[in-house]
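Here is my note on the model you asked me to look over. I have set the points out one by one, so that each can be checked against the structure as you read.

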Amino acid sequence: MVIYMEDLFIEVKDINGDVKKYEVLHTFSFNDKNYVIYTDNTYDNDKLNIYASTYHMFNNKIVLDALNDDFCYKLVSDKIKEFINGD
């Protein structure tokens with residue numbers, strides 16, 4: 001997926017060329033990896049849908065990558081909790 005960051009929103013273009021807009025909630029770096037936490041502002045069972053990915057630059061575009069291990073999931077989960085709690 002390729003994303004374009006503009007202000008606090010990203011547009012994600014999937015492999016089919018479809019584009020969806022997300023609100024960026026938080027970005028951070030850890031151990032030479034960049035992370036983005038974002039939402040499409042939809043709800044599931046009264047809970048806001050929140051997504052997270054790592055990202056890197058490729059051909060002057062930002063490319064999202066899936067979180068690929070338990071450490072990344074834990075790191076992002078902790079950051080989301082901090083964000084929600086205002087820490």
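1. Val19 is found in strand 3, which covers residues 19-30, a strand here being a DSSP run of E with at least two residues, just as a helix is a run of H or I with at least four residues, both numbered from the N terminus. With a relative accessible area of 52%, Val19 is exposed, where exposed means over 50%, buried under 20% and partly exposed in between, using a 1.4 Å probe and protein chains only. Leaving aside neighbours within four places in sequence, Val19 is in contact with Glu11, Val12 and Lys13, contact meaning heavy atoms within 4.5 Å. Val19 and Asp44 are separated by 25 residues in sequence and by 21 Å in space, C-alpha to C-alpha.

2. A word on the basis of these points: this is a predicted model, in which local features need pLDDT of at least 70 and side-chain atom pairs count only at pLDDT 80 or more, while totals for chains, interfaces and linings use all residues. Residues are numbered from 1 along each chain as its sequence is written, and side-chain values use heavy atoms, with hydrogens and water left out.

3. On the overall fold, the protein chain has six strands and one helix, and they follow the pattern β-β-β-β-β-β-α when read along the sequence. For 87 residues a compact globule would have a radius of gyration near 12 Å, and the 13 Å of the protein chain agrees with this; the radius is taken over C-alpha atoms, and the globule rule is 2.2 Å times the number of residues to the power 0.38. Taken along the principal axes, the C-alpha atoms fill a box of roughly 35 × 30 × 25 Å.

4. Among contacts between residues at least 6 apart in sequence, 27% join residues at least 24 apart.

5. Which residues does the side chain of Asp40 meet in polar contacts? Asp40 is placed in strand 4, residues 33-44, and counts as buried at 13% relative accessibility. The side chain of Asp40 makes a polar contact of 3.1 Å with the side chain of Lys20, and another polar contact, of 2.6 Å, joins the side chains of Asp40 and Thr42. By a polar contact I mean a pair of N or O atoms within 3.5 Å; within protein, one must be able to donate a hydrogen and the other to accept it, and residues adjacent in sequence count only if both atoms are side-chain atoms. Beyond neighbours within four places in sequence, Asp40 is in contact with Lys20, Lys21, Tyr22, Asn49 and Tyr51.

6. Ser53 lies in strand 5, residues 47-58, and counts as buried at 6% relative accessibility. The side chain of Ser53 makes a polar contact of 3.0 Å with the side chain of Tyr38. Leaving aside neighbours within four places in sequence, the residues in contact with Ser53 include Asn34, Val36, Leu64, Asp65 and Leu67.

7. Asp65, in strand 6 (residues 61-65), is partly exposed, with a relative accessible area of 29%. Not counting residues up to four places away in sequence, Asp65 touches Ser53, Thr54, Tyr55 and His56, and a polar contact of 2.6 Å joins the side chains of Asp65 and His56. Asp65 and Asn85, 20 residues apart in sequence, lie 26 Å apart in space, C-alpha to C-alpha.

8. Two backbone angles deserve a look. Phi of Asp32 is near 65°, a positive value in a residue other than glycine, and Asp32 is placed in the loop between strand 3 and strand 4, where Asp32 counts as exposed at 85% relative accessibility. Asn41, also not a glycine, has a positive phi of about 60°; Asn41 is found in strand 4 and is partly exposed, with a relative accessible area of 41%. Most residues other than glycine have a negative phi.
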